[in-house]
Amino acid sequence: MALSRRHSPEFYTAVSEIEPGPHAEAIRFALTDLGLAAAFCIEGVPTIGFLNEPNVSADRIDLVHRVLWNQSLMSLLLVIGNDELTAYSLVKRPFRREQGLGSDPRLITTLSLVSDALKLRELIDSTESGRFWFEHDNYFDPANRVDNVLLSNLLQAFRELKDDLGTDGAQALLMQAMFIAYLEDRKIINSDVFEEASDGDHETFASMLESRSPASLEELFVWLKKAFNGNVFNAPCAFDIGDTKPPKLKAAHLRVLSRFRHGREEMTSGQLRLWGYDFQYMPIALISAVYDRFLKEEDGRKNAEGAFYTPMFLADVVVNQVWDDLSDEQRASGVFCDPACGSGIFLVRLFQRLVAHHCRAKKKHHATWRELITIARRLHGADINPAAVRVAAFSLYIALLEQSNPPDLPALIDEGKLLPSLYRDTLRPAEDFFETQDAPRYDAVIGNPPWKGRAGQATSAQRWAKTHERPNPAKDIAWGFIWKSLNVLKPGGFVGLLLPAMGVLHNISPEAQGARRELMRTTRVRRVINLSDLCFQLFDGAQRPTAFVLYQHPAADGVPYRFEYWSPKADLNLRLKRMLTLARTDRVRLRSDHVEGDPSLFKRRLWTRAPDEKLLQYLRTLPALSTFIRQFKDLRGENFDRDKEWVIGQGFKPAQDSRLDDEDYQTTSAPIVTRHPYLDADAFEPVALPKIKAKPWSNAVVHRAGFTGGFAGPHIIIPQGVERAVGRVRAAYTEQSLVFEHSLQAIAFPSTQRSAAKLLTGILNSRLAAWFYFHETANLGTDRAKVVQADLLKLPFAKHKGMPDLDRAHSAAQKIVRLVDRAIKHANDVLRPADDPLAEIDALVYEYYGLDAHDVALVEDSFKFIIPAMQPRRNAGLQAIWDNSKTQHRQAYAQMLCDALKPWFRKPIRASLTAKSADVAVLKLTLEDGRARDDTYREDETADVDRFLTQISANLPVALPGNVHLVPDLRFVIGRDMYLVKPLQLRHWLRSVALADAEQIAAEFSAAAARDDREANNAHR
């Protein structure tokens, strides 16, 4: 199965191989308790389990599948029998096979160990590329995962309980029920406990919930309170016993809990299944993540407070980043805080890492109970939502029990008061971070704080920032957390937060730029992970992208410094919501002073590489539109001379009828909107607008009048929004006077400059403009698909006399104007010309700006493949850039690469594909000896990749990495041949990638060739 090159931390076959990490215990459990032969990891996440039992029974497969489904880490189970391999989805729900009764819905494929050798070898590569998950997408629907099944039942149970018990009572009761289920499933409490609480009537929790009276359950709480203490079992439906009595339990409530407990029913539909979820195997971090999502979905706080639940795998990414930078002393005794802890998922994952580190340091398998409590008390959390803090306490209690030594628990339970008091102690409900003391007391601050502010409401974050003279752009709460975290951080400590990518990294408003400069100067940023491209696949229902920022107190010298900038891209693996794959090409190092001086650097470096930056640098030598087009908002009431000036502004904003009687709601009178035809944004067409025959706007009372001078023709009308599937900025020239809303903007220009306006209209619609705006604007490709006015005016534009090649630009400009004139002439035709002017405009714009073939390749690749794939939704299907490259793509890459390398070498370079599998290919570059050779690119003699790499690995100074997809620029030289090992995905075979690869390849290849020449000369002496 092509596993000979795979070793830990990718491929584990023995417990002794397991390295420290967030999933070490899960891998150990799989290899020992569950009896798997091996576990395969992608990006450190256990993804494939191997069960190697030649005569395995159906019941054994069902058991292993059920356990791994509840564990919710691995996605694929490979069962190796006598002569075949069967692949089962671990996302599909548990199933019990009956002899001769239908097919198994979990079974993906069966392969012969003899006749399907090639498919077997390629299977692992296909899981790393993501191709396997996509081709079998119906087997990996996240809705079938245990966390979604549990969440669905949790929500439904809550809805059925809350009317009687109230929100707090229903949430508390469900949490208590989950805790009891956990204690029972993990065999921490047994049948004796249930019998004692029910006078022998019930042996299980399930039986107790079927009772006609809650008396036995209430008696069970008395025992649990005595045995476990903590804050969980004060009373059914309550964590706090205050002046108000908790709601009274009824038999009907027990029925709801019963259905929720066994998990065999889909409570929203009533459909029953043979197997439900099992808390014995479910990781506490998953339970915590589910409850976090439950709180935010049910309470509707996603939009109100900018808070989103944190998926477990993303919490692991954050914790890993902080953990890797901690010192041994901080790991051994440091104090940690999540100031907006929600359900405590970050604290739980930190607790597990701290316990594992403690046990390794002490060289023992289990920590003592006292040691576990000491570690738990090093974790501090707070949240303004008390319900969330209760969940955090619940989660840490279970994590404590999960990490304990099972034989120790009975004696501890007999002693009573097993659990420490965390709620209102280290976990503080209704605490506002910005009202706490500013004192350095934490070694790390970590979490996913809320973003943005509440409209019209001054938050405590704003007040704190104002008092401490810290910038707070757009009144975003997240900036408050950035600054306040520094004030509570010890020297040498770290802050690791998930933050709004737009507000912190991309916003180019003067306020945001100032805040970013202060962040660079008053902290020492260690790493930024920009997750913008993954926005719609990371968080269900998310609208805004996130970024992880790791920073600490600044160095005393104050000199500029370098930090890591990672920009992972959406890919097929993310469909599993289990891992982030980060290719080496998506990692760069930036300088703090460069970020300070370049407001667009974070945005650009999401996608640009050196050739793109060179093209942008050339374009910036030309004057921008802003040098002669003024913004209406900057006129500040002054009139402009329509005969001389170019001005851009937005349309009017209608008044809300429901708010016209509100004294605080501002309106104005704009009679002009009732005089000209109304242009609906949906009726917009690019290049040339047909005559609009709609009636004017009906009411002169509007919220804002907008740029009224832009309603009169002639003008260029431009929507702010960019259609993701198209990628172009759209602009239309029209002589007709029109009124329109603020989603449209108009450029008014002197009537004597119609030709220049038509030229600009053509250029704005071009692929070059789309490429420029994709890289240089704050929103497009990272946040909302739009280009705001300030960004629109960044476009380099000069009349042909100001272009580098005057004659070439003059000829192209005339042709562009003629194309726009032709579009205007036919704009009202019922049957328009079949030819699309945009294709001709694109080619002419390249001519106008004097681009060469390499420049054009950069633009064309971005427009055809990268821009359409920006921020894909999960239901968007296979993006072209994710698909495997075809021969013509690889040939174009090879030709462009050889052409780009010509200036570096006096001798010709020949390219051929020397090995290929379904997911990986090896391109060979040969530096010829100068004699005439056939330099035609070839693919007709390709070997199997794994066999090829195995054969040549003995000649290499270092071991080859296992997962080539994470190192798509892997290169090595043997003699006068350079080999490029690349994933087959099109993203890595674009012509633009060849241009970027050429610069790195040239230096390595020339050095290797020179070394080979020296060795050859020495051999002849």
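Reply: This is a predicted model. In it, both glutamate 939 and arginine 890 are buried. Their side chains meet in a salt bridge, with an N to O distance of 2.7 Å.

Me: How many residues apart are glutamate 939 and arginine 890?

Reply: Arginine 890 belongs to helix α33 (residues 887–901). Glutamate 939 sits in the loop between β28 (920–927) and α34 (945–952). The pair thus links distant parts of the chain, and the separation is 49 residues.

Me: Which parts does the salt bridge between aspartate 62 and arginine 106 tie together?

Reply: The side chains of aspartate 62 and arginine 106 meet at 2.8 Å, N to O. Aspartate 62 is buried, and arginine 106 is buried as well. The two residues are 44 apart in sequence, so the pair ties together helix α2 (residues 58–71) and the loop between β5 and β6.

Me: How are helices α5 and α8 oriented to each other?

Reply: Two packed helices are described by the angle between their axes and the distance between the axes. For α5 (residues 146–185) and α8 (residues 215–228), the axes are 13 Å apart and the angle is about 70°. Angles of 65 to 115 degrees count as roughly perpendicular. The orientation of α5 and α8 is therefore roughly perpendicular.

Me: How many nonpolar residues does the contact of α5 with α8 have?

Reply: Helix α5 contributes Gln176, Ile180 and Leu183, while α8 contributes Leu217, Leu220, Phe221, Leu224 and Phe228. By class, the contact has no charged residues and 1 polar residue, and the number of nonpolar residues is 7.

Me: Which strands are the edge strands of the open sheet of 6 strands?

Reply: The strand order is β1-β2-β3-β4-β5-β6, and the pairing is mixed. Within the sheet, β2 (residues 38–42) and β3 (residues 45–52) run antiparallel and are joined by 5 bridges. An edge strand pairs on one side only, as do β1 (11–12) and β6 (107–112).

Me: Which strands does helix α3 lie across?

Reply: Helix α1 (residues 24–31) lies across β1, β2 and β3, at about 150° to β2. Helix α3 (residues 117–129) runs at about 140° to β6. The strands that α3 lies across are β2, β3, β4 (76–80), β5 (84–89) and β6.

Me: In β23, which residue is the bridge partner of proline 654?

Reply: An open sheet of 3 strands has antiparallel pairing and the order β20-β23-β21. Strands β20 (653–654) and β21 (668–669) each have a single partner strand, so one side of each lacks a neighbour in the sheet. Two strands of this sheet, β20 and β23 (residues 701–704), pair over 2 bridges. The bridge partner of proline 654 in β23 is valine 702.

How values were computed: Residues are numbered from 1 along each chain as its sequence is written. This is a predicted model: local features need pLDDT of at least 70, side-chain atom pairs count only at pLDDT 80 or more; totals for chains, interfaces and linings use all residues. Side-chain values use heavy atoms; hydrogens and water are left out. Axes are lines fitted to C-alpha atoms, for helices over the stretch in contact, and angles run from 0 to 180 degrees between N-to-C directions. Helices (H or I, at least four residues) and strands (E, at least two) are DSSP runs, numbered from the N terminus. Angles under 35 degrees count as roughly parallel, over 145 as roughly antiparallel, 65 to 115 as roughly perpendicular and the rest as oblique. Contact means heavy atoms within 4.5 Å. Ala, Val, Leu, Ile, Met, Phe, Trp, Tyr, Cys and Pro count as nonpolar, Asp, Glu, Lys and Arg as charged, and the others, Gly among them, as polar. Two strands pair if DSSP finds at least two bridges between them. A salt bridge is a side-chain nitrogen of Lys or Arg within 4 Å of a carboxyl oxygen of Asp or Glu. Buried means under 20% relative accessible area, exposed over 50%, partly exposed in between (1.4 Å probe, protein chains only).
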